[in-house]
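Work through the exercises below with the structure at hand. Each task is followed by a solution in steps.

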Amino acid sequence: MCFQRAVGEEALSVVAQLARTFWNWRIGQQRHTHSTMDGLGNGKNPPEIDEDLHSRQLAVYGRETMRRLFASNILISGINGLGAEIAKNLVLAGVKSVTLHDEGTVDLWDLSSNFFLSEEDVGKNRALACVQKLQELNNAVGISTITTSLPKEILSGFQAVVFTEISLEKAIEFDEYCHNHQPPISFIKSEVRGLFGNIFVDFGPEFTVDDVDGEEPHTGIIASISNDHPALVSFVDDERLEFQDGDLVVFSEVEGMPELNDGRPRRIKNTRMYSFYLEEDTTKYGPYVKGGIVTQVKQPKVLRFKPLREAMRDPGDFLLSDFSKFDHPPLLHLAFQALDRFRSDLQRFPGAGSEEDAQKLIQLAAAVNETMGESKLESLDETLLRLFGSGSRAVLNPMAAMFGGIVGQEVVKACSGKFHPLFQFFYFDSVESLPKEALEAVDLRPLNSRYDAQISVFGSKLQKKLEEAKVFVVGSGALGCEFLKNLALMGVSCGPRGKLTVTDDDVIEKSNLSRQFLFRDWNIGQAKSTVAASAAYSINPSFHVEALQNRVSPETEDVFNDAFWGGLDVVVNALDNVKARMYVDQMCVYFQKPLLESGTLGPKCNTQMVIPHLTENYGASRDPPEKQAPMCTVHSFPHNIDHCLTWARSEFEGMLEKTPAEVNKFLSSPGEYAAAMRTAGDAQARDLLERVLDCLDKEMCQTFQDCVAWARLRFEDYYFNRVKQLTFIFPEDAGTSSGLPFWSAPKRFPVALRFSAGDPSHLAFVAAAAILRAQTFGIAVPDWARSLEKLAEAVDRVVVPEFQPREGVKIETDEKATSFSASSVDEDFVINELIEKLETCSKKLPPDFRMNPIQFEKDDDSNYHMDLIAGLANMRARNYSIPEVDKLKAKFIAGRIIPAIATSTALATGLVCLELYKVLAGGHRAEDYRNTFANLALPLLAISEPAAPKAVEHGGARWTVWDRWVVRQNPTVRELLDWLRAKGLDAYSVTCGSSLIYNSMFPKHRERLDMKVVDAAKIEIPPHRNHLDVVVACEDDDGEDVDVPLISVFFR
């Protein structure tokens, strides 16, 4: 046995290697199960989690799952393209160690899917050839190799083992060992054969899933509870309930029915949008008074897996992904067994396009079918079996990426108990990705190139099309890195006439490194697109890639002009926001270009194919906008931590960024600033002036002690004075105009918070606020600022005025209000008075005085930004008896961090690249394309045909969003209207952008009828543009509106 470390240590003797290996087994046995108290099983302190690096992954898994991952040792046997993808995803996730096992050597076929390999590696051991590049992804993960035969006893040193190239006989032997081991070893077998793949999972006789879906427990705010059996529990209509029949819930804060506050889980039934029934008799309980929160109790689930030998005979239900292929998984269950027998008999794969080999495989499949008992199929699809056998030697990159994502996630489940495992078989195929024309055996012959594996499936003609493709990848973050890797391996844009353009205006941050795998720690601060393009080029030196740092938007249409868009074959979106997606979609519709769209959210991902004239475009369907809390709720009546954090983020930006920036704006040009405020003359102008004046006058800081005083007084204002004022205006027994209690759910009655130097959280708030305030004024922060004892002494020196509530203060309670600024009787007088005070105050300042606005940065834990925001939010939560959160949770919410993991990204990009084959081959119908929604936590893959574009029919003509009408010869407005009238359409409005060219309602517009459309538009047209696009509103003869396509009017 050869066992070699990833780091460059001197060669060890075989004896020494074995000694180390077996020592690792013993350590591994102690760490084996995830059911230990600390998730480690070794009795030691949990490892440190680098929250800057893993913040997005932490948002998905949480600390406990991450700690379990950090203690897990994984074996991957078979370092083909699939093995490399699995290894990449696990190393990025941060497991304790990954051991690579492979006895084979690199050949050219490996270069189609294993991105760690190059032509220089041909002839080397595959595991050894991958180690160095794999190690670069995460130095905290130990990486080892085994390059000789694998004895089953060695498996005891691992929490999970994955096999990608193993005979069925050997797999059954290893699985039995793992299944019967104490504790069980999680066993995963997966294969990718051409456009076909499978996964088998066995986590032992009894495996506990701690969290089946990874979602936050559902909650509801109670409005009433009946004294019945069963009891009806009704909720405020603030948000729709997410509970389901049979859920267990706990009650808290219920007034009037204290029996329900005992913390005991209770089962519910008959759930509705805003109510459910409680399986409990409450007739003898006291009457419900008010308040109460219901929280879902998530239950662990125990799964009992069959060993592989038994599961092969009785596979149970397959995980179905594409309902149009419901009959494929049972057939593929036979096909993979037949392929195993074929390889065992002939010691090779079936030949690509070989009819003789296809017949042999079909015969073997039929023989296997005869052994299946009740699972026997009535007939076999020989066409599918031929396709399966023909491409079975190839490991295609998109398939490897897709399956690498799924298998990588299954390993995480095995090590942590987080999310529901695959139970137990998954079969998948993408035969619709094949070219529509029949492939001859001669087309599939190898060319002694790195694309031979791909050619054996798709033929050399499609390979040529891939190489000559003109592709635009928008974004080079997590999705973009995966896409560039996939496209380089596929040979896309690698021919003499091919070109791929990638653009991204962002730079690399530390938090990117846990999933954007083309980046390394030494790339931090560099342009994403440049680094990603360079890394992709190193994967395939024939890759013709150009990296740009431009945002794709209306402002960059001089870069991404008509000629650029017109020259593309396909656009691949790798974006993280809807606005940019909508713009790219708009351009693709206009220029009639296919758009391959995808996105991820934690373990979820989706793909959407936007194909000219065949499918609807991205903008045709929109998710409903995210519900925003009313301003009055955030400002005065929060009832959850999200409200507190939204308020905290707003206060942070107001105090430390917007107000200092406004001060500088005034100081840079006092006269212009004053004139602008007088011109505005509204409540907002008054508020701005008051903030600037306060900052330069009574809140001016010249020493760090001043900053401490400011922070201490802020605490008093936020958490004592404002609460006292609120409860003075609305006391606990206040009622509404309709006679109902004012403080009824979801409102929570607040209690003022007294500052205590003995409370570390109070001092931590003051420290963070004072340090950041000092930064805005350019004041040096003394060393004692970080000593709670010294800080407490400084706080004691602050004089805090006694607060007296005021009469007549208006507190906004209207949920529809969007501003809290109240207009004064004479706004002009107040504004002029404030300007005079500001001008007087500014004369006392040094001539070059400027403040330093602070922009919120969530990913630097040393900058005190999240310390202050978490402090702001948690003190407010304490006012309203809302559960507080730690800084990490606060970062997720206030920083609006999108949860992200490498596995779902790999899955999404693999699926998209399977669609890319279809786009570049051409000739595929709408029903050949696939959209996908997937959730690896469940696991769920829902694959469907894309929706057709909405069609408009009128006067015997039919058109969709993909159609664009063209009018040439520089027409007048009248000629344009006549052209439309000839189509039976009466145009009553013509616009170009924001310019109204013609509207029949305005009599003066008749004067424009004989003007050229281009002149009537009165817009500046770039010299390179030879047409303008107008939107025309039309109606038919019955006066009904008719949607018509965009019209391009050519004027030169």
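**Aromatic pairs**

Phe235 and Phe276 are both buried (under 20% relative accessible area, with exposed over 50% and partly exposed in between, for a 1.4 Å probe and protein chains only). The model is predicted, with local features needing pLDDT of at least 70, side-chain atom pairs counting only at pLDDT 80 or more, and totals for chains, interfaces and linings using all residues. Residues are numbered from 1 along each chain as its sequence is written, and side-chain values use heavy atoms, leaving out hydrogens and water.

**Exercise 1.** Classify the ring pair Phe235 and Phe276.

*Solution.*
- Rings of Phe, Tyr and Trp (its six-membered ring) pair if their centres lie within 6.5 Å; planes under 30 degrees apart are stacked, over 60 edge-to-face and the rest tilted.
- The centres of Phe235 and Phe276 are 5.1 Å apart and the planes are at 55°, so the pair is tilted.

**Exercise 2.** Classify the ring pair Phe730 and Phe742, and state whether these residues are buried or exposed.

*Solution.*
- The planes are at 5° and the centres 4.2 Å apart, so Phe730 and Phe742 are stacked.
- Phe730 and Phe742 both lie in the loop between α21 (704-729) and α22 (760-777), so the pair ties together parts that are 12 residues apart in sequence.
- Both Phe730 and Phe742 are buried.

**Exercise 3.** Which residue lies over the face of Trp109?

*Solution.*
- A charge sits over a ring if NZ of Lys or CZ of Arg is within 6 Å of the ring centre and within 35 degrees of the ring normal.
- Arg393 lies over the face of Trp109, at 3.7 Å from the ring centre.
- Lys88 lies over the face of Phe517, at 5.1 Å from the ring centre.

Conventions: Helices (H or I, at least four residues) and strands (E, at least two) are DSSP runs, numbered from the N terminus.
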